[in-house]
Amino acid sequence: MKKCSKKNLILLSLTLFSMFFGAGNLIFPPFLGQNAGVQSLPALIGFLITAVGFPVLGIAVVSRFNGLDVLAQKVHAKFGLFFAVLIYLSIGPLLATPRTATLPFEMAILPLLPDGASVQLSLLLFTAGFFLIAWLLSRNPSKLVDHLGKILTPVLLLLILAVFAAAMLHPLGEAALPQPAYASAPLIQGFLEGYLTMDALAALNFGIVVSLNIRALGITDDQEVMSTSMKAGCLAGIILAVIYIMLTLLGTSLSSMPIGANGAQTLTLAVTLLFGESGRWVMAFIFLLACMTTCVGLLTSCSEFFSSLTPKINYSKWLLFLTLFALAVSNFGLSTILSISVPVLSMLYPMALVLILLGLGDPLYKANRLVYPLTIFSTGIVSVLSQLDSMGFRIPGLSSLLNALPLASQSLGWITIALVMFILALFMGRRPQRKPR
């Protein structure tokens, strides 16, 4: 039985890291550090739980079940397909993939445009070139290790390390008192910030791509594929954690300065202070690389999934369609995409987290048919209703009950319901023991 060499394992881990690490992952940690100040450590711990821990667990679970749709079928056969399609559409062509092009444009390219330049035309030209490169890199998913692991990811890591090293050699400032959101419950606030990276959803998508790349190395044994996937996920998680720690410390050094509107402004401020105006070009290149690697991962995983559902439409056709669709959506602009993505993903994310945790403990209650449906459906109902309530669609009586749940004020009320229904399902699903005759 062929096993994965250490060299290939490292390349697989770098590939997986690059697929996770987009522009959003660049801007959340420094913003957290700047806002948390002296409370950066507990906030960072909370952030790492949801931004690193759950994605790594997601890769392991998807590898164990050989696909998100198989895992989700533990809830119900029809739900399995429905939830998988919903996740792939949300994290793919409808929301996340278009964002990988609009975010670097607005954060890195737009400030560099000369006065009088047409923003809409510039966006169209930029996104067209961006998705053309992404399409070329995605045409052969089994070659992602060559494109990402060997080339783009090392360059991205070197750029981030250069920024961090410069900050250590020339400190920008000292940690200041935290902003109100981080003063009372920094760990929970950090947990929520990591929640917003949406990497747990991406992990449910990327698992199948990792498996393809492992099999392309000549590894065919299912157990070895699963074991290698888990090792690659853990190593990628370690790299993510190290980068997040560096970026958070970078933001913490700016906590005594005026807080920006978002993490992109925080990171841009740091790079500009360290490298002057030339730092804007460094920033632009970092954003472009981070978003390109994530875009390739999303296009590849989504095309693989939908081609598996439609035997008459192969991977290449799905890739072209999804690339063109994402190009069209990206030209509506970042603000429009974000206004839609935040509520939609806030409804989906709790179910994804619970599904990952249930999948990890599957052998313990494999014969219990109530655990998955009761826990997942109740979590979904609460997360959807809570999000609708926050958007102003309040249901008399029900809204007050939702707000009375523990952690509801931190948007984590679904945790209580999930835990209660899980315990109830275990109790109800126990098979009565036969009395001895």
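**Questions about a predicted chain**

Guide: Of the contacts in the chain between residues at least 6 apart in sequence, 81% join residues at least 24 apart, where contact means heavy atoms within 4.5 Å. This is a predicted model, in which local features need pLDDT of at least 70 and side-chain atom pairs count only at pLDDT 80 or more, while totals for chains, interfaces and linings use all residues. Residues are numbered from 1 along each chain as its sequence is written, and side-chain values use heavy atoms, with hydrogens and water left out.

Visitor: How do you know whether the radius of gyration agrees with that of a compact globule?

Guide: The rule for a globule is 2.2 Å times the number of residues to the power 0.38, with the radius taken over C-alpha atoms. For 437 residues a compact globule would come out near 22 Å, and the chain has 22 Å, so the two agree. The C-alpha trace spans about 85 × 50 × 40 Å along its principal axes.

Visitor: How many helices and strands does the chain have?

Guide: The chain has 19 helices and zero strands.

Visitor: What makes α7 and α14 oblique to each other?

Guide: Helix α7 (residues 119–138) packs against helix α14 (residues 279–309) at about 55°, and their axes are 9 Å apart. Axes are lines fitted to C-alpha atoms, for helices over the stretch in contact, and angles run from 0 to 180 degrees between N-to-C directions. Under 35 degrees is roughly parallel, over 145 roughly antiparallel, 65 to 115 roughly perpendicular, and the rest oblique. The pair α7 and α14 is therefore oblique. On the α7 side, Phe 126, Phe 130, Phe 131, Ile 133, Ala 134, Leu 137 and Ser 138 make the contact, and on the α14 side Leu 288, Cys 291, Met 292, Cys 295, Val 296, Leu 299 and Thr 300 do. By class these residues are twelve nonpolar, two polar and no charged; Ala, Val, Leu, Ile, Met, Phe, Trp, Tyr, Cys and Pro count as nonpolar, Asp, Glu, Lys and Arg as charged, and the others, Gly among them, as polar.

Visitor: Why is α14 called oblique to α15?

Guide: The axes of α14 and helix α15 (residues 315–330) cross at roughly 130° and come within 8 Å. That angle makes α14 oblique to α15. From α14 the contact takes Leu 299, Thr 300, Cys 302, Ser 303, Glu 304, Phe 306 and Ser 307, and from α15 Tyr 315, Trp 318, Leu 319, Leu 322 and Thr 323. These divide into seven nonpolar, four polar and one charged residues.

Visitor: How do you know whether Thr 323 counts as buried?

Guide: Buried means under 20% relative accessible area, exposed over 50%, and partly exposed in between, with a 1.4 Å probe and protein chains only. Thr 323 has 6%, so Thr 323 counts as buried. Setting aside residues up to four places away in sequence, Thr 323 touches Phe 131, Trp 135 and Leu 299. In the chain of 437 residues, 54% are buried.

Visitor: Why is α10 called largely enclosed by the rest of the structure?

Guide: Eight of the ten residues of helix α10 (residues 186–195) are buried, so α10 is largely enclosed. The eight are Pro 186, Gln 189, Gly 190, Phe 191, Leu 192, Glu 193, Gly 194 and Tyr 195.

Visitor: What makes Asp 389 count as buried?

Guide: Asp 389 lies in helix α17 (residues 371–390). Its relative accessibility is 9%, so Asp 389 counts as buried. Beyond four places in sequence, Asp 389 touches Arg 394, Ser 399 and Asn 403.

Visitor: Is Ile 91 buried or exposed, and how do you know?

Guide: Ile 91, in helix α5 (residues 77–94), has 5% relative accessibility and so counts as buried. Ile 91 and Met 198 are 107 residues apart in sequence, and their C-alpha atoms are 8.4 Å apart. Met 198 is one of the residues in contact with Ile 91, which include Leu 201, Asn 205 and Leu 298.

Visitor: Why is Leu 121 called partly exposed?

Guide: Leu 121, in helix α7, has a relative accessible area of 47%, so Leu 121 is partly exposed. Leu 121 and Leu 172 are 51 residues apart in sequence and 37 Å apart in space, C-alpha to C-alpha.

Visitor: What is the phi of Leu 407?

Guide: Leu 407 has a positive phi of about 70° although it is not a glycine. Most residues other than glycine have a negative phi. Leu 407 sits in the loop between α18 (398–404) and α19 (414–428), and with 33% relative accessible area Leu 407 is partly exposed.

Notes: Helix = DSSP H or I, 4+ residues; strand = E, 2+ residues; numbered from the N terminus.
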